[in-house]
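Hi everyone, thanks for making time today.

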Amino acid sequence: MSTYQRPNIQRMQGYSWGEQPKDGHAIKLNTNENPYPPSPTVAAALSNFATTDLRTYPQPTADPLRQRIAQLHGLSKNQVVVTHAGDEALRLAVTTYVSPGGTFASTNPSYSLYPVLAQIQDAQTFNVDLETNWSIPADFAAQACAADAQLTCVVNPHAPSGHLSRAEQLHRIAEDISGVLLIDEAYADFIDPEIGYTSRELVEQHDNVLVLRTFSKGYSLAGLRLGYLLGNESLITPIIEKTRDSYNIDAISQRLGIAALEDQAYARSTWTRVREQRQLLAQQLSELGWACVASETNFLLSTPPSDSIGAEAIYTRLKAENILVRYFNHPRLDDKLRISIGTEEQNQVLLNHLRRLVR
Ligand SMILES: Cc1ncc(COP(=O)(O)O)c(C=O)c1O
């Protein structure tokens with residue numbers, strides 16, 4: 001093995017991503033993709049894309065798309081940086097705001113990419129356990145402060161539980177920590193609009209808040225790799241001008257991203273359908289004796305009944321039937337399965353298998 005790697009890279013494991021089945025017949029409920037296809041406006045923009053436009057470099061800062069995103073959130077273009085999906089947004093936040101040897105704080109459990117990014121940066125990680133109901137502990141900010149965290153990351157709604165923290169709590173955390181607070185809203189499109197959760201005020205009222213959004217879930221574009229960060233201009237400008245790749249968003253993605261945002265009605269209709277299916281699946285699982293965490297995302301963290309064969313065995317049996325769900329070998333999660341919300345047909349096939357397995 002080569003020893004040219006930096007010591008921290010040599011020590012680290014790398015991210016393990018959810019299984020991607022090779023045949024197209026699997027029911028894939030393991031990586032929280034939107035079960036509905038992208039908008040027809042995206043399909044039209046792709047087929048109308050002239051390959052001659054690939055000859056020149058794309059607009060370096062994806063400004064037309066940036067402008068659309070800013071409009072959508074009622075912010076200015078300078079408060080937006082477009083990224084190569086949410087994962088690049090996280091990487092850029094770590095690179096820009098955490099020094100090697102510095103501290104990156106989060107909650108336990110959380111998105112498993114966070115510690116990987118901290119290791120790449122040769123930074124320390126500091127994790128605070130979530131409460132038993134998956135809420136963020138009241139002294140979270142005080143603990144992050146005591147650990148001298150330069151960047152603190154919370155997922156809201158939370159993954160893998162689906163729990164939503166209220167914006168008021170996030171305002172308090174932003175005020176009380178000493179570094180940057182990144183609110184990872186990868187699943188925010190699926191929040192029930194009646195709750196009235198909005199991140200605009202978080203960005204406008206605090207100069208230390210970054211909000212992450214992605215096209216992967218809400219806009220059914222996980223394969224495109226497009227996302228963005230919202231934040232105070234003083235947080236966004238160093239990323240735009242210094243740390244991102246010079247042309248981080250290719251010309252096709254810029255065009256398709258605009259097309260996806262133009263068809264808000266279609267995107268919102270998929271969010272409504274996901275919410276309806278989420279409610280139905282939670283109810284049907286509970287009729288089978290499963291316990292689901294109340295979710296504002298497109299997945300359910302579900303515990304099978306105690307007299308069943310157990311989460312890991314159910315995961316393995318479902319996989320043998322070509323149904324993929326997510327099992328985490330993690331102390332607080334190893335008796336649970338994270339199930340992405342599928343189409344009505346996919347959810348019914350899953351339930352039919354679960355009825356047989358639980359019996
Ligand atoms: C909590 C969370 N944040 C960010 C992401 C990044 O998603 P993407 O890179 O597809 O935008 C994911 C992906 O599953 C996620 O679960």
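I'll begin with the ground rules, then take the strand, the core, the domains and the ligand in turn.

This is a predicted model, so local features need pLDDT of at least 70 and side-chain atom pairs count only at pLDDT 80 or more, while totals for chains, interfaces and linings use all residues. Residues are numbered from 1 along each chain as its sequence is written.

Let's go to strand S8, residues 227-231. Helices (H or I, at least four residues) and strands (E, at least two) are DSSP runs, numbered from the N terminus. Is S8 buried or exposed? Here, buried means that 20 or more other C-beta atoms, placed from the backbone, lie within 10 Å of a residue's own. By that rule 5 of the 5 residues of S8 are buried, so the strand is largely enclosed by the rest of the structure. Gly-227, Leu-229 and Gly-231 point one way, and Tyr-228 and Leu-230 point the other. In a regular strand the side chains alternate between the two faces of the sheet.

Who are its partners? Strands pair if DSSP finds at least two bridges between them. S2, residues 80-83, pairs with S8 in the antiparallel sense over 4 bridges, with Val-80 opposite Leu-230. S7, residues 209-214, also runs antiparallel to S8, joined by 5 bridges; there Thr-214 is the bridge partner of Gly-227.

Now keep your eye on Leu-229. Beyond its neighbours within four places in sequence, Leu-229 is in contact (C-beta atoms, placed from the backbone, within 7 Å) with residues including Val-81, Ala-89, Leu-212 and Ile-236. In the largest nonpolar core, which has 101 residues, Leu-151 and Leu-229 touch the most other members. Such a core is a set of buried Ala, Val, Leu, Ile, Met, Phe, Trp, Tyr and Cys residues joined through C-beta atoms within 7 Å. Helix H4 gives the largest share of this core, 7 residues. Domain 1 (16-37 + 265-358) and domain 2 (40-262) both contribute, so the core lies between them.

Those bounds come from an automatic or database domain assignment. The domain centres, taken over C-alpha atoms, are 25 Å apart. Their contact takes 24 residues from domain 1 and 20 residues from domain 2.

Last, the ligand. Of the 13 residues around the ligand, Ala-85, Gly-86, Ala-186, Thr-214 and Ser-216 come nearest; the cut-off is a C-beta atom, placed from the backbone, within 6 Å. H4, residues 85-97, gives the most to this shell, with 3 residues.

How values were computed. A residue is buried if 20 or more other C-beta atoms lie within 10 Å of its own, exposed if 12 or fewer, and partly exposed in between; C-beta atoms are placed from the backbone. Two residues are in contact if their C-beta atoms, placed from the backbone, lie within 7 Å.
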